[in-house]
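Dear colleague,

Please find the structure below, followed by an account of what was found in it.

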Amino acid sequence: MVTRPFGRTMKAAFSAKLDRPDAVIKAQELGDVRYARGVSPSLVARRTWNLLIQAAAGDGWKNEQHSITKRDLRSGKHLAPGEIAAALEELQMTLIRVPLISPAGKHATLTTALLSSAIEEHSDDDDSRVWFRFTPEICELLRKSNYYAELERLIICAFTSKYAFSIYERAVRELGKPIRRNDSIDIDVLREVIGVEKGTLTRWPDLRRFAIQPAIDEINHLAPFEVHWSPIAKGRRVIGIELTYAPKVTEDQVAAARELEMSKVGRKTRRTKTAKRMDDERQAMRRMALLSIETAKARDFDDEIPEF
């Protein structure tokens, strides 16, 4: 039996590099990863990681050096001197835990760093390059991967909440499935997946206010789809959340695309207005649904006797 050199993910990444330069093809295996020691990458490091995956593209499975210009790493962002180096070091020190099947055929967990090494040219001009190498374990995951999410680079680079990355990627994957179901996540799993450090945001109100809601507000403002969520409670304790995803209507997709082209100055104010408008629309839809139910009930009790 002939073994395929690589799976569908790397084929899609190769194709995207030729046809869709703003697409980031992310292997599902590198999506909902857990972070060892409860330490997750910073906002800049997460953005950098996705841009490195895009730069390696269909060659990511090869255990060799890849490169990217500092212009592409910045992607229009102002990075202070040393921030690129700090992000690369962070990715070399970040350990992820990925479930897989062991060489003996049993369920197991792989622990590996994201980057094996990085070489940064000293010059800080846009054409200077960074050379990087994934760990052999990451290369093997990419080689075998058959499932992926196609992310938008402009959206990833616009996020200001580091917690938005994982929820955005999860939404893209779910929306790509032929059958969509509500996405329920245990609260402890959610904390691991979005990368809330151990010992922080331990109270539900803080987790909701500083992690979940800002992330979803950003996604709803910038993405061509909407994410809605509600808490899952057991008694008075919140034990998880339920996420639902839906494509935006055309005019809202156009507005989101336009927002990505606008200056980030004033974006938070515009996002607040957008979130309020969406909430008002949802409330109006609920009122209409309730009215329809009441109208239907009224019809059910109609005895068809004329009233004089």
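The side chains of Ser145 and Glu29 make a polar contact at 2.8 Å (a pair of N or O atoms within 3.5 Å, where, within protein, one must be able to donate a hydrogen and the other to accept it, and residues adjacent in sequence count only if both atoms are side-chain atoms). This is a predicted model, in which local features need pLDDT of at least 70 and side-chain atom pairs count only at pLDDT 80 or more, while totals for chains, interfaces and linings use all residues. Residues are numbered from 1 along each chain as its sequence is written, and side-chain values use heavy atoms, with hydrogens and water left out.

Ser145 is located in the loop that runs between α5 (136–144) and β8 (148–152); helices (H or I, at least four residues) and strands (E, at least two) are DSSP runs, numbered from the N terminus. Ser145 counts as buried because its relative accessibility is 0% (buried means under 20% relative accessible area, with a 1.4 Å probe and protein chains only).

Turning to the sheet, three strands form an open arrangement in the order β9-β11-β10, with antiparallel pairing (two strands pair if DSSP finds at least two bridges between them). β9 (183–186) and β10 (225–234) each have a single partner strand and stand at the edges, so one side of each is left without a neighbour in the sheet. Between β10 and β11 (residues 237–247), the antiparallel pairing extends over 10 bridges. Within this sheet, Trp229 stands opposite Leu243 in β11.

With kind regards

Definitions and conventions. Buried means under 20% relative accessible area, exposed over 50%, partly exposed in between (1.4 Å probe, protein chains only).
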